[in-house]
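This report looks at charged side chains and their partners. Please have the sequence and the model open while reading.

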Amino acid sequence: MDPFDLLAQVYDRFRRVPAPDPYLDLLGGNARLLDLGGGTGQVASALVPFGVRAVVLDRSRGMLSAAQKKRGLLLVRGSAESLPFPDESFDLVVVVDALHHFKDQERALREAARTVRRGGAVLIEEPDIRHLLVRWVWLVERLFGMRSRFLTPSQILDRLESCGLRGQVSCDALRARIVARKGR
Ligand SMILES: C[S@@+](CC[C@H](N)C(=O)[O-])C[C@H]1O[C@@H](n2cnc3c(N)ncnc32)[C@H](O)[C@@H]1O
C-alpha cells in the first residue's frame with residue numbers, strides 16, 4: 001500500500017498552509033500552476049484566492065481525496081514521471097517536499113521542464129540533504145517503508161539546467177529552494 005494513502009488522513013494536521021508570497025513572486029496574473037506531487041493541495045490552495053488556476057497532480061488516491069475538500073483545485077491522479085499535459089501548459093511548476101519521493105527524479109524533472117512555458121519557472125523545494133537532521137529524517141522515512149532518495153540542491157539545478165533551464169539555489173535553514181527559468 002502507498003504510505004501516503006495512510007498518511008493522508010492526518011497529513012494536514014502536521015503540514016501547515018504555506019505563505020503564498022514566495023510562489024506569487026514567480027507567477028504573473030491569471031497564472032496556471034502545476035503542483036507536482038501536490039498531495040492534499042496545501043500549497044496550491046494557498047494560491048487559489050489570488051486567481052491562480054491550480055492543477056494538483058499526485059499518485060496517491062488518499063492524498064487527492066483529502067485535497068477534494070479544498071475549493072478551486074483541479075485534481076489529477078497520475079505519475080510525475082509521465083505527465084498528461086501538452087508542452088508549455090503552465091506558467092509555474094512547483095514540486096514541494098515531493099521530489100525525493102519520486103521513483104525516477106530525472107524523468108520527473110524533464111517532465112516539469114517540458115510542461116512549463118517559455119519565460120515560466122520550475123520551483124523545487126526540498127529538505128537539504130547536506131544537513132545531518134535531514135539525513136535522520138531520511139532514515140526514519142526509510143524505516144516507514146518509503147523509498148526516499150535525495151539529490152543535493154546543486155544536483156537538482158544541474159538536472160534542470162540539462163533540460164535547458166537556467167536557475168539558482170538558495171538555502172534557508174534545513175530547506176533548499178531551486179528556481180529555474182525556461183528561456184523565451
Ligand atoms: C511529502 S508529500 C508532499 C505533498 C505536498 N507537495 C506538500 O507540500 O504538502 C509527497 C507527495 O508526493 C507524492 N508522490 C510520490 N511519488 C509520486 C509520483 N511518482 N508521482 C506523483 N506523485 C508522487 C505522494 O503521493 C505525496 O502526496
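## The R175 pair

With which residue does R175 form a salt bridge? The partner is E125, and the closest N and O atoms are 3.1 Å apart. A salt bridge here is a side-chain nitrogen of Lys or Arg within 4 Å of a carboxyl oxygen of Asp or Glu. R175 lies in strand 7 (residues 175-182) and E125 in strand 5 (residues 116-127), so the pair ties together parts that are 50 residues apart in sequence. Strands (E, at least two residues) and helices (H or I, at least four) are DSSP runs, numbered from the N terminus.

Salt bridges with shared partners join D97, E125, R175 and R177 into one network. E125 counts as buried, at 8% relative accessibility, while R175 is partly exposed, at 31%. Buried means under 20% relative accessible area, exposed over 50%, and partly exposed in between (1.4 Å probe, protein chains only).

## Basis of the values

This is a predicted model, in which local features need pLDDT of at least 70 and side-chain atom pairs count only at pLDDT 80 or more, while totals for chains, interfaces and linings use all residues. Residues are numbered from 1 along each chain as its sequence is written, and side-chain values use heavy atoms, with hydrogens and water left out.

## Two further salt bridges

The structure holds 14 salt bridges. One of them joins D2 and R59, with the closest N and O atoms 3.1 Å apart. D2 is in the segment before helix 1 (3-14) and R59 in the loop between strand 2 (53-58) and helix 4 (61-67), 57 residues apart. D2 is buried, with a relative accessible area of 15%; R59 is partly exposed, at 45%.

D91 forms a salt bridge with R32, where the closest N and O atoms are 3.2 Å apart. Since D91 lies in strand 4 and R32 in strand 1 (residues 32-36), the pair ties together parts that are 59 residues apart in sequence. The relative accessible area of D91 is 11%, which is buried, and R32 counts as partly exposed at 26%.

## E81, buried without a salt bridge

E81 sits in the loop between strand 3 (73-77) and strand 4 (90-96). E81 is buried yet has no salt bridge; R59, the nearest side chain of opposite charge, is 6.3 Å away. For charge, Lys and Arg count as positive and Asp and Glu as negative, with His and the chain ends not counted.

What lies 3.0 Å from a polar atom of the E81 side chain? The backbone nitrogen of K103 does. Leaving aside residues up to four places away in sequence, E81 touches F102, K103, D104, R107, A108 and E111, contact meaning heavy atoms within 4.5 Å.

Technical notes
Polar contact = N/O pair within 3.5 Å; in protein donor to acceptor, adjacent residues only side chain to side chain.
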